[in-house]
Amino acid sequence: MADPIATGEVIAGKYRVERVIARGGMGMVLLATHLQLGETVAIKLLLPEVVAREDTLARFLREARAAARLKNEHVVRVFDVGTTDRGQIYMVMEFLEGTDLDQAIRSRGPLPISEAVDYLLQACEGVAEAHRMGIIHRDLKP
């Protein structure tokens, strides 16, 4: 199946799609550039077949609103949410460069205990901030 959006396409008149970062069952994450600011962002875009299910759309919008309220160095920031001209729902987030924990473990093998504990504590800080605000994360991954 072809991607619902192409490299070079502009979302909302201000985000130029550079490439696909990841794909999942409900959507995809894009690397994009904010045209006016020159900033690199990540855009989570729901797949068209998912948007047709009203419960999914409502959950996505709740997720965006909840995530935008979180202000913690261990939680990705949400800057914008909207709908493209073709009715695709998106969420604009800060783009974080680096390796995710799953990739680090695969490439390096088991981490030293002190390093693993440090990563775990950072994740716990982010989740604790969400819990303080009444937000429950249902999909934690390394």
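**Salt bridges, sheet and core**

The side chains of Arg106 and Asp102 meet in a salt bridge, with 3.0 Å from N to O. A salt bridge here is a side-chain nitrogen of Lys or Arg within 4 Å of a carboxyl oxygen of Asp or Glu. This is a predicted model, in which local features need pLDDT of at least 70 and side-chain atom pairs count only at pLDDT 80 or more, while totals for chains, interfaces and linings use all residues. Residues are numbered from 1 along each chain as its sequence is written, and side-chain values use heavy atoms, with hydrogens and water left out.

Both Arg106 and Asp102 belong to helix α3 (residues 101-108), where they are four residues apart, about one turn of the helix. Helices (H or I, at least four residues) and strands (E, at least two) are DSSP runs, numbered from the N terminus. Arg106 is exposed, with a relative accessible area of 67%, whereas Asp102 counts as partly exposed at 29%. In these terms, buried means under 20% relative accessible area, exposed means over 50%, and partly exposed lies in between, using a 1.4 Å probe and protein chains only.

The structure holds seven salt bridges. Another one joins Arg108 to Glu115, with the closest N and O atoms 2.7 Å apart. Arg108 is partly exposed at 47% relative accessible area, and Glu115 is partly exposed at 21%. Asp80 and Lys14 also form a salt bridge, their closest N and O atoms being 3.5 Å apart. This pair links distant parts of the chain: Asp80 is in strand β5 (residues 78-83), and Lys14 is in the loop between β1 (10-11) and β2, 66 residues apart. Asp80 is buried, with a relative accessible area of 18%, while Lys14 is partly exposed at 27%.

The next topic is the sheet. Strands of a sheet pair through backbone hydrogen bonds, either parallel or antiparallel. Six strands form an open sheet here, in the order β1-β2-β3-β4-β6-β5, and the pairing is antiparallel. Two strands count as paired if DSSP finds at least two bridges between them. β1 and β5 are the edge strands, each pairing on one side only. Helix α2 (residues 54-69) packs on the sheet and touches β4 (40-46), β5 and β6. The direction of α2 makes about 20° with that of β6. Axes are lines fitted to C-alpha atoms, for helices over the stretch in contact, and angles run from 0 to 180 degrees between N-to-C directions.

Strand β3 (residues 27-34) is joined to β2 by seven bridges, and the two run antiparallel. Arg16 stands opposite Thr33 in β3, and Arg19 has Leu31 in β3 as its bridge partner. β2 and β3 form a hairpin with three residues between them. β3 also pairs with β4 in the antiparallel sense, over seven bridges. There, Ala32 has Val41 in β4 as its bridge partner. The hairpin of β3 and β4 has five residues between the strands, and in it Gly38 takes a positive phi near 75°. Seven of the eight residues of β3 are buried, so β3 is largely enclosed by the rest of the structure.

In soluble globular proteins, nonpolar side chains tend to be buried together. A nonpolar core is a set of buried Ala, Val, Leu, Ile, Met, Phe, Trp, Tyr and Cys residues joined through side-chain atoms within 4.5 Å. The largest one here has twelve residues, including Ile5, Leu30, Val41 and Val92. The elements that give two or more residues to this core are β2, β3, β4 and β6. Leaving aside its neighbours within four places in sequence, Ile5 is in contact (heavy atoms within 4.5 Å) with Ile11, Val17, Met28, Leu30, Leu45, Arg86 and Gln88.

A search of the whole structure finds one aromatic pair. Tyr15 and Tyr90 form that pair, which is edge-to-face: 6.5 Å centre to centre, with 65° between the planes. Rings of Phe, Tyr and Trp (its six-membered ring) pair if their centres lie within 6.5 Å; planes under 30 degrees apart count as stacked, over 60 as edge-to-face and the rest as tilted. Tyr15 lies in strand β2 (residues 15-23) and Tyr90 in strand β6 (residues 89-94), so the pair ties together parts that are 75 residues apart in sequence.
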